[in-house]
Amino acid sequence: MISWRKHYKKGLIAISLLLSTGASVYAQGDPKKGQELFKANCTACHTLDKQVIGPALGGVVDRLKTEQNLDTDWLHKWIKDNKALRESGDKYANEVFEKFNKTEMLAFPNLSDTDIDDILAYTTDPPAEEVVADAASGDAGANSTAAIEAQKAQELNSKIVIAALIAIAGLLFWLLLKIRQLVKLQQTPELSELNTTRVTNFSAMYEKYSYVGKGVVALLALFALYGVWNWLMWVGVYKGYAPEQPIYFSHKIHAGENKIDCQLCHSGAKYGKVSEIPSLNVCMNCHRSISEYKGKYIEPGKDREFYTNQIKTLYAHAGWDESKQAYTGKTEPVEWTRIHNMPDFVYFNHSQHVVAGEQTIINGFNAKQKDPANKIDVVCKACHGKIDTMNVVQMANNFTMGWCIDCHRTTEVDMNNGYNKEYFKNLHDKLKKQYGEGSKITVDAIGGLECGKCHY
Ligand code: HEC
Ligand code: HEC
Ligand code: HEC
Ligand code: HEC
Ligand code: HEC
Ligand code: HEC
């Protein structure tokens, strides 16, 4: 029924497009595919109906045609590489750049012409609301599977604890019975005679039944040992650590719902040792114009007002006066609680992994995923887990030495990337001789297990 209606709508659209002559030029794309692409690439800065960082894009093809006499060719060039277009001296490209205070739009050289046609079809003719609803419930579904997994793990944990408690309760009950038996043994008149002969005094009786006490003590000792061992194993390991932050900043809303690239905020990852937490300037690039939360996604137990208040907290820290649309100069840095923190004697370098190691880490990670479809920032996820589904960042791995080494033993070195080709040229030839042509060269072969590489 619904699908018939969709076809019916498509039919109507097709007919109306055929009737309106000029329109058919740009309506070649598939608006549904376009919607996906738009969500993945453009929603960080554009919506259809409202100016965000860039202009509203609903009906942009028509608007540029009528106002500027520009056709889809121009749009293709602009979307692929707006900077190149501006630098070629294109009049409107420079005008609109000036109008938006020289805010750089990203270039999208990876989008094909068909992709762009699809996106433009979407801006011209967004699919009906029911499709949007589908997408939203799909997200909610993904959400709840993650939640269910977490819950399952938690349930298992509490089951173990409950089983242990039941065992202890059983032990105590058994002990009680034994003691009652002992007491009864002494009280029954028939036995009291025997007692005088067989159990002459308490110490003899204790001797007789001491194995009970010893057994219990041994069991309790085992329990205690197990507890201490567990505790020792987890000292300094904070997998799952997720502290409260001064601003409720949701990665799910930013990196998940709005598909903002990790490295837009954590730009340090590419260039050096640390990824860095973004400064408030980075936040304000977007939040000068995003002052309220209007998103579809709402975490259970929160509401839009809650999110909007968090944006106001950001304004207070950044010293942004909303009514005057100006900075007051009164700023107060946000003290984010650090989550990942290696001991001082460990050297870990992001760029080594995010740049040199990127491709092989992605390959290794994808091989383990059931659904490698989500391609954004895969390299980060290999170590940090699905941050884009977390409202509050959690440590997704235990970040121990064993964890680093495990990956170095199993992940290949990408001998073909520019950096390694240059750096390991001689070593590569040597390794090929040593391990044989075509063999897997894993990180341990280039020194990834040497103490000095990771320890100062
Ligand atoms: C990082 C933010 C950002 C992203 C991501 C982005 N844009 Fe833009 N876009 C802008 C800004 C800002 C402008 C205004 C012009 C300028 O400052 O360069 C703009 C302008 C445009 C224009 C010109 C509109 C007009 O009214 O003249 C089009 C078309 C456009 N963007 C399409 C896209 C498409 C399609 C995508 C996704 C593939 C996209 N943009 C992604 C920031 C962005
Ligand atoms: C819009 C900006 C923004 C984007 C996009 C973003 N982050 Fe963050 N990230 C932050 C801020 C702010 C914090 C500090 C607050 C917190 O822990 O939530 C943070 C914290 C983190 C932390 C924990 C840092 C610590 O203290 O150890 C990790 C790991 C992280 N982000 C990874 C990612 C990954 C992976 C992505 C992409 C999927 C991503 N971030 C996208 C802003 C961003
Ligand atoms: C690239 C643009 C961009 C950047 C950079 C950015 N945000 Fe956002 N932020 C958004 C968008 C988009 C939303 C969702 C708005 C909506 O759906 O109405 C949002 C929502 C929020 C919200 C409400 C939802 C939530 O996560 O609690 C807060 C708070 C927030 N941002 C804080 C920050 C902080 C703090 C930073 C800097 C560390 C930051 N943002 C950087 C685009 C950005
Ligand atoms: C090979 C594993 C690995 C990869 C890949 C990785 N990280 Fe990390 N990340 C770590 C470790 C380990 C730390 C702790 C570093 C420390 O405490 O010195 C960390 C710390 C961080 C922090 C906290 C601040 C800091 O730099 O200490 C942020 C933010 C972060 N990572 C973001 C990212 C982002 C974004 C990506 C993808 C571009 C990424 N990471 C890729 C392992 C990784
Ligand atoms: C997801 C897999 C993965 C994890 C986890 C990982 N690494 Fe690596 N690491 C790599 C890869 C791949 C390379 C090779 C990069 C290259 O091509 O230079 C590498 C290289 C290195 C190197 C350089 C080795 C050399 O001889 O040049 C150091 C140092 C290093 N990692 C430290 C660490 C530390 C410390 C940790 C844990 C906190 C860690 N790594 C966790 C995949 C990983
Ligand atoms: C791939 C990186 C890497 C290599 C290689 C490496 N370590 Fe570590 N080591 C670590 C990390 C990361 C930690 C911190 C673990 C933590 O905080 O739980 C650590 C911790 C330690 C500790 C402190 C005890 C502990 O477990 O917390 C000792 C001791 C140590 N390493 C010795 C060595 C020796 C000796 C070698 C050489 C045989 C070596 N490491 C090689 C990454 C490495």
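Which helices each supply at least two residues of the shell around ligand 2? Keep that question in mind while loading the model, which is a predicted one.

**Whole protein**

Start with the cartoon view. The protein has 22 helices and two strands. Colour by accessibility next: of the 456 residues, 29% are buried. For the contacts with a separation of 6 or more, 65% are between residues 24 or more positions apart.

**Ligand 2**

Select ligand 2 and the residues around it. The shell holds 21 residues, and those that come nearest are H251, C262, C265, H266 and H340. The opening question can now be answered: α11 (251-257), α12 (262-265) and α18 (378-384) each supply at least two residues. The largest share is that of α11, with three residues. Colouring the shell by class gives 12 nonpolar, seven polar and two charged residues.

Show the side chain of H251: one of its N or O atoms is 2.8 Å from a nitrogen atom of ligand 2. The side chain of Q245 places an N or O atom 3.1 Å from an oxygen atom of the ligand. For H340, display the backbone, where an N or O atom lies 2.6 Å from an oxygen atom of ligand 2.

**Ligand 4**

How many residues surround ligand 4, and which are the closest? There are 20, and S275, H350, C380, C383 and H384 are the closest. By class, the shell divides into 10 nonpolar, eight polar and two charged residues.

R338 has a polar side-chain atom 2.6 Å from an oxygen atom of ligand 4. M342 takes part through its backbone, with an N or O atom 2.7 Å from an oxygen atom of the ligand. At H384, a polar side-chain atom is 2.8 Å from a nitrogen atom of ligand 4. Two or more residues of this shell come from each of α12, α16 and α18. The largest share, four residues, is from α18. Helices α12 and α18 were also named in the shell around ligand 2.

**Ligand 5**

Select the iron atom of ligand 5. Which residues coordinate the iron atom of ligand 5? They are H353 and H408, each through NE2, at 1.9 to 2.0 Å. H353 lies in helix α16 (residues 350-356) and H408 in helix α19, so the pair ties together parts that are 55 residues apart in sequence.

Now check the accessibility of the two histidines. H353 counts as partly exposed, at 21% relative accessibility. H408 has a relative accessible area of 15% and is buried, because the cut-off for buried is under 20%.

**Ligand 6**

Go on to the iron atom of ligand 6. The protein donors are SD of M401 and NE2 of H455, lying 1.9 to 2.0 Å from the iron. M401 is in helix α19 (residues 401-410), while H455 is in the segment after α22 (451-454), so the pair ties together parts that are 54 residues apart in sequence.

Is M401 buried or exposed? At 56% relative accessibility, M401 counts as exposed. H455, with a relative accessible area of 28%, is partly exposed.

**Two backbone stops**

Select F399, which is found in the loop between α18 and α19. Its phi is near 50 degrees, a positive value in a residue other than glycine. F399 is buried, with a relative accessible area of 15%.

Where is N69 found? It is in the loop between α3 (60-68) and α4 (72-80). Phi of N69 is near 55 degrees, again a positive value in a residue other than glycine. N69 is exposed, with a relative accessible area of 59%.

Notes. Residues are numbered from 1 along each chain as its sequence is written. Chains are lettered from A and ligands numbered from 1 in the order in which they are written. This is a predicted model: local features need pLDDT of at least 70, side-chain atom pairs count only at pLDDT 80 or more; totals for chains, interfaces and linings use all residues. Side-chain values use heavy atoms; hydrogens and water are left out. Donors are N, O and S atoms within 2.8 Å of the metal (3.2 Å for Na, K and Ca); water is not among the atoms, so sites may look incomplete. Buried means under 20% relative accessible area, exposed over 50%, partly exposed in between (1.4 Å probe, protein chains only). A residue is near a molecule or strand if one of its heavy atoms lies within 4 Å of it. A polar contact is a pair of N or O atoms within 3.5 Å; within protein, one must be able to donate a hydrogen and the other to accept it, and residues adjacent in sequence count only if both atoms are side-chain atoms. Ala, Val, Leu, Ile, Met, Phe, Trp, Tyr, Cys and Pro count as nonpolar, Asp, Glu, Lys and Arg as charged, and the others, Gly among them, as polar. Contact means heavy atoms within 4.5 Å.
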